[in-house]
Amino acid sequence: MHNLIDLTLEDALNALRQGSLSSLELTQAYLKRIETLNPLLQAYLYVNVSGALRQAELADERLRKARQSGEALPPLLGLPIAIKDVLTVENMPATAGSRILEDFIPP
């Protein structure tokens, strides 16, 4: 398979559903890309690496079970996502890009 970060959404979802790609592999590829480019781009203020990897493992487990049982799945299960920090997520910084909120961690 070519570079994982170059997959289209449809190709990534198909590979996840078929089991030829794991959410953990895809998430690790994106985390590596963030690690490489973020020092230059400063696109991410906070990256929850351990949380992303744990969620990927949980998605892989659910995908495996669904392949065996035929269970219907949420449409984007297994895809890594970024959440803009204007949305509050429990125990993650929510600064809205403001220095006034730089230490705000929602409960």
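Biologist: How far apart are the mean positions of the positive and negative charges of the protein?
Modeller: This is a predicted model, and in it the mean position of the 10 positive charges and that of the 13 negative charges are 2 Å apart.

Biologist: Why is Glu-102 called exposed?
Modeller: Its relative accessibility is 52%, and exposed means over 50%, so Glu-102 counts as exposed.

Biologist: Where does Glu-102 lie along the chain, and how far is its C-alpha atom from that of Leu-76?
Modeller: Glu-102 lies in the segment after α3, the helix that covers 49–69; Leu-76 is 26 residues apart from Glu-102 along the chain, and their C-alpha atoms are separated by 31 Å.

Biologist: What makes the pattern of the protein α-α-α?
Modeller: The protein has three helices and zero strands, and reading along the sequence therefore gives α-α-α, a helix being a run of at least four residues.

Biologist: What share of the protein is buried?
Modeller: Of its 107 residues, 26% are buried, where buried means under 20% relative accessible area.

Biologist: And which share of the contacts joins residues at least 24 apart in sequence?
Modeller: Among contacts between residues at least 6 apart in sequence, the share that joins residues at least 24 apart is 47%.

Biologist: What are the spans of the C-alpha trace, and what is the accessible surface of the protein?
Modeller: Along its principal axes the trace spans about 50 × 30 × 20 Å, while the accessible surface comes to about 7700 Å², with 55% belonging to carbon and sulfur atoms.

Definitions and conventions
Residues are numbered from 1 along each chain as its sequence is written. This is a predicted model: local features need pLDDT of at least 70, side-chain atom pairs count only at pLDDT 80 or more; totals for chains, interfaces and linings use all residues. Side-chain values use heavy atoms; hydrogens and water are left out. Helices (H or I, at least four residues) and strands (E, at least two) are DSSP runs, numbered from the N terminus. Buried means under 20% relative accessible area, exposed over 50%, partly exposed in between (1.4 Å probe, protein chains only). Contact means heavy atoms within 4.5 Å. Accessible areas come from the Shrake-Rupley method with a 1.4 Å probe; for residues, only the protein chains shown count as cover. Lys and Arg count as positive and Asp and Glu as negative; His and the chain ends are not counted. The place of a charge is taken as NZ of Lys, CZ of Arg, CG of Asp or CD of Glu.
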